[in-house]
Amino acid sequence: AARVCHFKLVLLGDTAVGKSCLVVRFVRDEFFEFQEPTIGAAFLTQSVATGAATVKFEIWDTAGQERYRSLAPMYYRGAAAAIVVYDITNKDSFNGAKSWVKELQRRGDPNAVIALAGNKADLQSKRKIDYQEAQQYAEENGIMHIETSAKNDTNVKSLFHEIGTYGLSI
Ligand code: GTP
Ligand code: MG
């Protein structure tokens, strides 16, 4: 029988960057133009088969609105992986993502896999953050980086698959 690894994963990032949409795309293969802002946090699970094992993600989709910020440590504590999401059309959200990366590197699990996800990659004409700029930041900080679109289903499965594969290898 195949090995099953349980992975606690947390999504962090400013409000409206598309954290819930990424999770809903990954878990249910759905997308909503009018996704409600998350209250507190939502818990979902989904499994992916990798070569070595099945990874069962236990996903905490946190709320990005400022009033929930103090709750975040409850969700990233003990997490094996974190996806820090920004919106490629929103500069503030990229700065927000950088501050989440900093906080995770200071206070999160030192072995946690961190992935920076530039979401809304379908909105090319409104882009404010160059791919190269985010890629360089990720390299300098030793984290993964990928651009995604929950709307068009671009790189969403790859994002989770790469985290699972990389997480199993360390
Ligand atoms: P909080 O729960 O408040 O932290 O927000 P969130 O990060 O979970 O954002 P959410 O998933 O609710 O998405 C916010 C809005 O962005 C929704 O209206 C979505 O339809 C839209 N959205 C999410 N992902 C994409 C995407 O890939 N492309 C486009 N064009 N819109 C997106
Ligand atoms: Mg949400």
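This short talk goes from the overall fold of the chain to the surroundings of its ligand.

Please keep in mind that this is a predicted model, in which local features need pLDDT of at least 70 and side-chain atom pairs count only at pLDDT 80 or more, while totals for chains, interfaces and linings use all residues. Residues are numbered from 1 along each chain as its sequence is written, and side-chain values use heavy atoms, with hydrogens and water left out.

Let me start with the fold, where the chain has 5 helices and 6 strands, taken as DSSP runs (H or I, at least four residues, for helices; E, at least two, for strands) and numbered from the N terminus. Read from the N terminus, the order of elements is β-α-β-β-α-β-α-β-α-β-α. Along its principal axes, the C-alpha trace spans about 50 × 35 × 35 Å.

Turning to ligand 1, there are 24 residues around it, and Thr 15, Lys 19, Glu 33, Gly 64 and Asp 122 come nearest; a residue is near if one of its heavy atoms lies within 4 Å of the molecule. Helix α1, residues 19-28, gives the most to this shell, with 3 residues.

As for polar contacts, meaning pairs of N or O atoms within 3.5 Å, an oxygen atom of ligand 1 is 2.9 Å from a polar backbone atom of Ala 16, and an oxygen atom of the ligand is 2.8 Å from a polar backbone atom of Thr 38. Lys 120 contributes through its side chain, with a polar atom 3.1 Å from an oxygen atom of ligand 1. Taken alone, ligand 1 exposes 650 Å², of which the protein buries 91%, the areas coming from the Shrake-Rupley method with a 1.4 Å probe.

How values were computed. Chains are lettered from A and ligands numbered from 1 in the order in which they are written. A polar contact is a pair of N or O atoms within 3.5 Å; within protein, one must be able to donate a hydrogen and the other to accept it, and residues adjacent in sequence count only if both atoms are side-chain atoms.
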